[in-house]
Amino acid sequence: MGSVHHVRGAALFLYFLLWTSFNSSAAEIDLNQSAWLSVDASQASARKISETMFGISFEEINHAGAGGLWAELVSNRGFEAGGENVPSNIHPWHILGDESLLIVSTERSSCFDRNKVALRMEVLCDNEGANICPVKGVGIYNPGYWGMNIEQGKTYKVVLYVRSLESINVSISLTGSSGLETLANTNIVAANISSWSKVEVRLTPRTSDHNARLQLTTAKKGVIWFDQVSAMPLDTFKGHGFRNDLFQMLADLRPGFIRFPGGSFVEGEWLRNAFHWKATVGPWEERPGHFNEVWQYWTDDGLGLFEFLQLAEDLGALPVWVFNCGISHSDQVDSSTILPFVQEIIDGIEFARGDPNSTWGYIRAAMGHPEPYDLRYVAIGNQDCWKKNYHGNYMKFYLAIKSAYPDIKIISNCDGSSQALDHPADLYDVHVYGDANYVFSLAHKFDRTMRGGPKAFVSEYAVNGKDAGRGNLLAALALAGFLIGLERNSDVVEMASNAPLFVNENDRRWNPDAIVFDSYQVYGTPNYWMQQFFRESNGATVLNSRVQSKQASTLASIIASAILWRNPDNESSSSSTLSYLRIKVVNLGINMVKLKIVIDNLKPRRSVINVEGCRETVLTSANLMDENSFQHPTKVAPILSPLKGGNYMNVALSPHSFTSLDLLLTTQSHLTI
């Protein structure tokens, strides 16, 4: 995600057409609008779409990772979020008991070199004598990220580091939000822990609470030090640490790639708080974490370079690593001194792809992945093209990477869609933000792009602003039109991804987003459901198609594409029965449109479309501004129905709708998908 000002503007006619829909009376609506769509299904018109055409862009924004996809329940687990100086703010940790019972402070006494801050808890009460502790003891608790989702019968692994000069008896508990109800607990009883000791326990709660917390309490006088306190559910995806429901939302998109870790998160407001990959690998206890200045929250970096690469592999998507090129929002490294930054990235590629016996490949292997990751794309910086040192820095990175890894495709921040780049690149990055009219009009942005240069990577696209709300139907339809335009221009566009991907409902830093969640529930916005219409486009074949209409307003509000694709879910020996011709049409107008479809050049001409195996999927709603919510998660969602298909069809396109027609091809078709 980038902090850019939003480009506005569109043709005056299109603006008038779309926005008068909000005030049109029934008397003004022409119910007899019509259009024609011709599709040329011949081999001469066919063009292969990139296997990586549609993917996802992940950024640590809106607590997408920390408190989201990364399943760690404890926030500020190492007490580092307050900074390196002590005493330090330990938020969101709280104390249980008042100042007459305990004193909690921080010290730079940890056993971990890269995160020295630890918590010191001096207990002044006891289980006997004049100053008696409460029955449940005193101590500290962590509410996680707006409550921990604790579910009955599931197992949670709690790990912490502890030391004391005396014997201890500490209760580790998962409790309700008030701390009064104990969901699960166990005790640490130890006599000799004068040196830091790792403790690991497993808790299985007796009941559920979506707003629970973790407590460390004692009723024994003395001083105890704590550090690196973690609580993780055991049932993360494949045990890799990803929250299952959020991972599934990504998997259901079938992304061809995943771009990470941002966005402005890569840059930082200052370089000291940029994403430095070496600080994010190795044992989680040893990672220092860093303050996400751009989006204003702390991250423990449990979701580091290794985890991003693993996420891509688990999704069956290619990783696209965006790295810092010595430029932040507020400071830059001069090109004459950029070489140490270049070497850091060469080391990072070795971490991803190197032999297990190499310096950095060995560290990856030690983390549990001896085989190299399939890293083929890297992006040099994020939205930095206009900055003073970008071109000089870019060339240093480009030459070093190509020398060491000539097969890696390198992505430039500079937009080459309207004029040729003045530097070598395999792809160029384009970000598209604006209101619905503007983004819909950009469906034709790449119609006139030069066909001979590097291809485009539209790494961030979104409808934002007041007309997008928190993610409504209007925004989804405008984006659908834009994506159809990209699909039609897939000879010059290789990749595209929406941004932002996730938002924790409790920390909206940007609107709108594709997937909304809290501690225990999740829903997709209309934009999320719209993207599912394109998940079969990766590796498909796009056909020439043309929309015509006698009404100018109809022609301006409709855009369509046609592709050939194979269903990956139903592979069988009769592969021809798995082939579909898909027609996608956006109607952004206020009227129903009667669309006549003619499909030419299917060979042989007879019985090529199985009329009983066709289907229609429509995304629409009663109101253009309708949104989904936790209470109504599928208010705006695709509706699937059977369709009698053929070479000639008449289809009614609802106002404000996105329609997909899948026509099943029979064994007599000779088309190659």
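A residue is called buried when its relative accessible area is under 20%, and exposed when that area is over 50%. The model discussed here is predicted.

Q: Which residues of H7 are called buried?
A: They are Tyr390, Asn393, Tyr394, Phe397, Tyr398, Ile401 and Lys402.

Q: What makes these residues lie on the same side of H7?
A: Around the axis they cover an arc of only 150°, so they share a side of H7. An α-helix has 3.6 residues a turn, so residues three or four places apart point the same way. On the other side of H7, Leu399 and Ser403 are exposed.

Q: What do the buried residues of H7 pack against?
A: Their partners are strand S18 (318-323), helix H5 (339-353), strand S19 (377-380) and strand S20 (409-412).

Q: How do you know that the span of H7 is close to the one expected?
A: H7 has 15 residues and reaches 21 Å from its first C-alpha to its last. The expected value at 1.5 Å a residue is 21 Å.

Q: Why are Cys125 and Cys133 called a disulfide?
A: Their sulfur atoms are 1.9 Å apart. The cut-off is within 2.5 Å, so the pair qualifies.

Q: Why is Cys125 called buried?
A: Its relative accessibility is 0%, and the limit is under 20%, so Cys125 counts as buried. Cys133, at 8%, counts as buried too.

Q: How do you know that Cys385 and Cys414 form a disulfide?
A: Their S to S distance is 2.1 Å. That is within 2.5 Å, so they count as a disulfide. The pair links distant parts of the chain, 29 residues apart. Cys385 lies in the loop between S19 and H7, and Cys414 in the loop between S20 and strand S21 (427-434).

Q: Why is the disulfide of Cys385 and Cys414 called right-handed?
A: The torsion about its S-S bond is about 100°, so the disulfide is right-handed.

Q: What makes S1 and S27 a pair of strands?
A: Strand S1 (residues 33-40) and strand S27 (residues 541-548) share five bridges in the antiparallel sense. Pairing needs at least two bridges, so they pair. Leu37 stands opposite Val547 in S27.

Methods:
Residues are numbered from 1 along each chain as its sequence is written. This is a predicted model: local features need pLDDT of at least 70, side-chain atom pairs count only at pLDDT 80 or more; totals for chains, interfaces and linings use all residues. Side-chain values use heavy atoms; hydrogens and water are left out. Helices (H or I, at least four residues) and strands (E, at least two) are DSSP runs, numbered from the N terminus. The expected span of a helix is 1.5 Å times one less than its number of residues. Buried means under 20% relative accessible area, exposed over 50%, partly exposed in between (1.4 Å probe, protein chains only). The arc is that of the directions from the helix axis to the C-beta atoms. Contact means heavy atoms within 4.5 Å.
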